[in-house]
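This report looks at a group of aromatic rings and at a sheet with its packed helices. Please keep the sequence and the model at hand while reading.

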Amino acid sequence: MDKKHLEEILNSVASGAVAPDAAMEKLKNLPFEDIGFANLDHHRYLRTGYPETVFCQGKTSIQIAEIMGRLAENNDNIIGTRATAEDFEAVKKAVPDAEYHEAARMIVINRNPAPTTGKKITVVSAGTADIPVAEEAALTAEVLGNPVERIYDVGVAGVHRLFANLDTIRAANVVIVVAGMEGALASVVGGLVDKPVVAVPTSVGYGANFGGLSALLSMLNSCANGVGIVNIDNGFGAGYLASSINRL
């Protein structure tokens, strides 16, 4: 934060030389904090309306703890994705009110919960093995202020399980479908609902699944309309996108 620049903006607003809305636009680009190995964005919420998110995979536990600790000094809500229990233990020392959600592999600091949209998001998984990605999507959507319904292990190998939950799925405003193997569930759901479907291919599957590539290609080639696809295993991206749709 450039203190002098901020004071100039605030003084301009106080004197009436700059309108509050114009000043807000300027503040949306400020500030970030350089801590050597990372540039921390403290105004993510101001620009997007969503809390800052830390992708923990590939970072050391010490780096994650430093990043989230610094962010917590200026932000009420922070999400850490792809986090291990070891990462959480380090963060907990820096931010005592941090919580770990093992199934979703997420660290959450949620001091000022987002107001609920009131519009439900339903997260559907093809198999039990897809639950970690599905939980990442579900928890992300919840932290961003959405009521979430979970329906797991209803893949096309036993499609009657899906049909038994159709009323619940159709009642949602947005449906997130998480599937590995051949990824067929997204097309099936897309053909049965009149709401946006966010499809998440997972890396679950045998050799020809190619780490989720086969599911991704199947979803991209879906003949069902209204299906959008995020990257392989990107539950966070699906939850974020579904929440953005709900805000419209």
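## A buried tyrosine and its ring partners

Tyr50 has a relative accessibility of 3% and therefore counts as buried, a word used here for residues under 20% relative accessible area, with exposed meaning over 50% and partly exposed in between (1.4 Å probe, protein chains only). The model is predicted, so local features are reported only at pLDDT of at least 70 and side-chain atom pairs only at pLDDT 80 or more, whereas totals for chains, interfaces and linings use all residues. Residues are numbered from 1 along each chain as its sequence is written, and side-chain values rest on heavy atoms, with hydrogens and water left out.

A search of the whole structure finds 3 aromatic pairs; rings of Phe, Tyr and Trp (its six-membered ring) pair if their centres lie within 6.5 Å, and planes under 30 degrees apart count as stacked, over 60 as edge-to-face and the rest as tilted. The rings of Tyr50 and Tyr240 are an edge-to-face pair, because their centres are 4.5 Å apart and their planes stand at 65 degrees. Tyr50 belongs to the loop between α3 (44–48) and β3 (52–55) and Tyr240 to helix α11 (residues 235–247), so this pair ties together parts that are 190 residues apart in sequence. Helices (H or I, at least four residues) and strands (E, at least two) are DSSP runs, numbered from the N terminus.

Tyr240 is partly exposed, at a relative accessible area of 26%. Tyr240 also pairs with Phe236 in a tilted arrangement, with 5.8 Å from centre to centre and 55 degrees between the planes. Phe236 and Tyr240 are 4 residues apart in helix α11, which means that about one helical turn separates them, and Phe236 is buried at 18%. Together, Tyr50, Phe236 and Tyr240 form one aromatic cluster.

## The parallel sheet

An open sheet of 5 strands, paired in parallel, has the order β8-β7-β9-β10-β11, where two strands pair if DSSP finds at least two bridges between them. Since β8 (148–151) and β11 (227–229) stand at the edges with a single partner strand each, one side of each is left without a neighbour in the sheet.

Strand β9 (residues 174–179) is joined to β10 (residues 197–201) by 5 bridges, with Ile176 partnered by Val198 and Val177 by Ala199. Another 5 bridges join β7 to β9, again in parallel, and Thr122 has Val175 in β9 as its bridge partner. All 6 of the 6 residues of β9 are buried, so the strand is largely enclosed by the rest of the structure. Val174, Ile176 and Val178 point one way from β9, and Val175, Val177 and Ala179 the other way.

Axes are lines fitted to C-alpha atoms, for helices over the stretch in contact, and angles run from 0 to 180 degrees between N-to-C directions. Helix α11 lies across β7 (121–125), β9 and β10, running at about 170 degrees to β9.

Key. Contact = heavy atoms within 4.5 Å.
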